[in-house]
Amino acid sequence: MTDWDGRFLAMAAMVAGWSKDPSARHGAVLTDARRRVLSVGYNGLPRRIRDLPERLTSPETRRALTVFAEENALVQCEIPVGSGATLFSTGFPPARAAKQIAQRGVSRLVCPKPATETPDAVLARDLLTEAGVSIVHRAAPAIPKTPHDWDTRLVALAGLIASWSKDPSTQVGAVIVDDRRRLLSVGYNGFPRGVADTPERLNDRATKYALVCHAEENALTQCETPIRHGATLYASLFPCQDCTKLALQRGITRICAPAPDLAHPRWGQHFATTLALLQEAGVEVAVADPSALVQAPPALPEGARVPLTKAKTSRWHRGAAPPIDDLFASENGEGC
């Protein structure tokens with residue numbers, strides 16, 4: 001059986017690594033009843049409030065200004081949470097966050113036990129219990145080493161999502177964020193909901209290709225939050241032409257992924273068409289070339305792999321891809 005609680009706690013641990021809090025870093029992931037990721041959050045100062053070193057190192061100032069990870073995940077979710085939602089957190093939530101968990105209608109909380117039975121922890125537990133929130137205690141994984149730039153962080157997150165795929169040959173993950181870097185949706189390559197991903201189907205290449213939904217396709221299809229101008233699609237593999245068409249239709253204005261292999265025997269033509277589509281549509285392409293892959297921390301679910309890309313991104317220069325029409329014209333002018 002798939003350990004979904006372990007997967008989402010591993011995701012929360014990666015998000016925790018984005019926090020600048022020098023004393024404790026925490027992350028949270030909010031999912032709906034269908035295990036779709038609705039939002040993520042980490043502890044930090046409010047938007048537009050500068051996280052100056054003197055503020056972060058002063059316990060009193062930091063305590064007064066910090067927004068907790070659970071609060072950030074809940075307040076940045078723009079769609080109704082709905083019945084059956086679960087909040088995954090790398091720490092036991094304080095009473096202030098517990099009130100918001102109950103208020104947003106979260107049904108289930110998965111988190112470690114409180115380190116100490118402080119009055120605040122007791123109040124938080126009593127409040128959640130009275131509100132009917134089911135509490136499942138589980139240790140959180142170690143926080144992985146975190147890249148400094150956001151493009152690399154989010155491509156790395158797409159790599160974590162890729163590890164959820166059951167595809168025996170290629171695992172791909174995708175993440176969509178808005179212009180404020182709020183997570184809107186995630187996806188990985190797999191069969192449609194309700195279609196059994198049996199070993200026989202997964203290991204038969206023709207059947208697998210006929211049934212599989214690509215990671216970017218899943219992220220775009222399952223995104224219920226409106227995708228506004230400025231949204232970025234991050235992927236652990238460069239998108240194919242079909243996923244790119246969907247991305248353009250949903251209003252994606254920027255794509256960040258590892259460089260495409262234009263010589264690939266199966267996907268090279270797809271990648272060339274993708275670049276031509278993005279160039280004509282005016283979509284910015286940031287190329288992330290991984291220089292190293294590191295293994296996931298041991299606390300992750302068994303078998304999970306997290307490729308953390310350590311790379312800077314660069315823009316794909318205009319003119320690097322030929323026009324779309326040139327890709328499908330042979331020497332005699334007929335379609336190829």
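User: Where is the place of Arg181?

Analyst: Arg181 is found in a loop. Its neighbouring elements are named from DSSP runs, with helices (H or I, at least four residues) and strands (E, at least two) numbered from the N terminus. The loop that holds Arg181 is the one between E6 and E7.

User: What kind of model is this, and which atoms do the side-chain values use?

Analyst: This is a predicted model, in which local features need pLDDT of at least 70, side-chain atom pairs count only at pLDDT 80 or more, and totals for chains, interfaces and linings use all residues.

User: Is Arg181 buried, partly exposed or exposed?

Analyst: The classes rest on relative accessible area: buried is under 20%, exposed is over 50%, and partly exposed is in between (1.4 Å probe, protein chains only). The relative accessible area of Arg181 is 44%, so Arg181 is partly exposed.

User: What is the phi of Arg35 near?

Analyst: Arg35 sits in the loop between strand E1 (27-31) and E2, and it counts as partly exposed at 45% relative accessibility. Most residues other than glycine have a negative phi. Arg35 has a positive phi although it is not glycine, and the value is near 65°.

User: How many helices and strands does the protein chain have, and what share of its residues is buried?

Analyst: The secondary structure of the protein chain comes to 13 helices and 11 strands. The protein chain has 336 residues, and the buried share is 49%.

User: Which residues touch the most other members of the largest nonpolar core?

Analyst: A nonpolar core is a set of buried Ala, Val, Leu, Ile, Met, Phe, Trp, Tyr and Cys residues joined through side-chain atoms within 4.5 Å. The largest one has 29 residues, and those that touch the most other members are Met11, Leu157 and Val175.

User: How many aromatic pairs does a search of the whole structure find, and what type is the pair of Trp4 and Trp164?

Analyst: Rings of Phe, Tyr and Trp (its six-membered ring) pair if their centres lie within 6.5 Å; planes under 30 degrees apart count as stacked, over 60 as edge-to-face and the rest as tilted. The search finds 10 aromatic pairs. Trp4 and Trp164 are 5.6 Å apart centre to centre, with 80° between the planes, and the pair is therefore edge-to-face.

User: How many residues apart are Trp4 and Trp164?

Analyst: Trp4 belongs to helix H1, whereas Trp164 is in the loop between H7 and E6. The pair links distant parts of the chain, and the separation is 160 residues.

User: Is Trp164 buried or exposed?

Analyst: Trp164 belongs to a cluster linked by ring pairs, together with Trp4, Phe8, Phe88 and Tyr188. At 4% relative accessibility, Trp164 counts as buried.

User: Which residue lies over the face of Trp4?

Analyst: A charge sits over a ring if NZ of Lys or CZ of Arg is within 6 Å of the ring centre and within 35 degrees of the ring normal. At 4.6 Å from the ring centre of Trp4, the residue over its face is Arg7.

User: How far from Cys213 is the nearest cysteine sulfur?

Analyst: A disulfide is a pair of cysteine sulfur atoms within 2.5 Å, and a search of the whole structure finds 0 disulfides. For Cys213, the nearest cysteine sulfur is that of Cys243, at a distance of 9.1 Å.

User: Within what arc do the buried residues of H11 fall?

Analyst: In helix H11 (residues 241-250), the buried residues are Gln241, Cys243, Thr244 and Ala247. They line one face of the helix, because, seen down its axis, they fall within an arc of 155°.

Notes. Residues numbered from 1 in each chain as written. Heavy atoms only, no water. Arc of directions from axis to C-beta.
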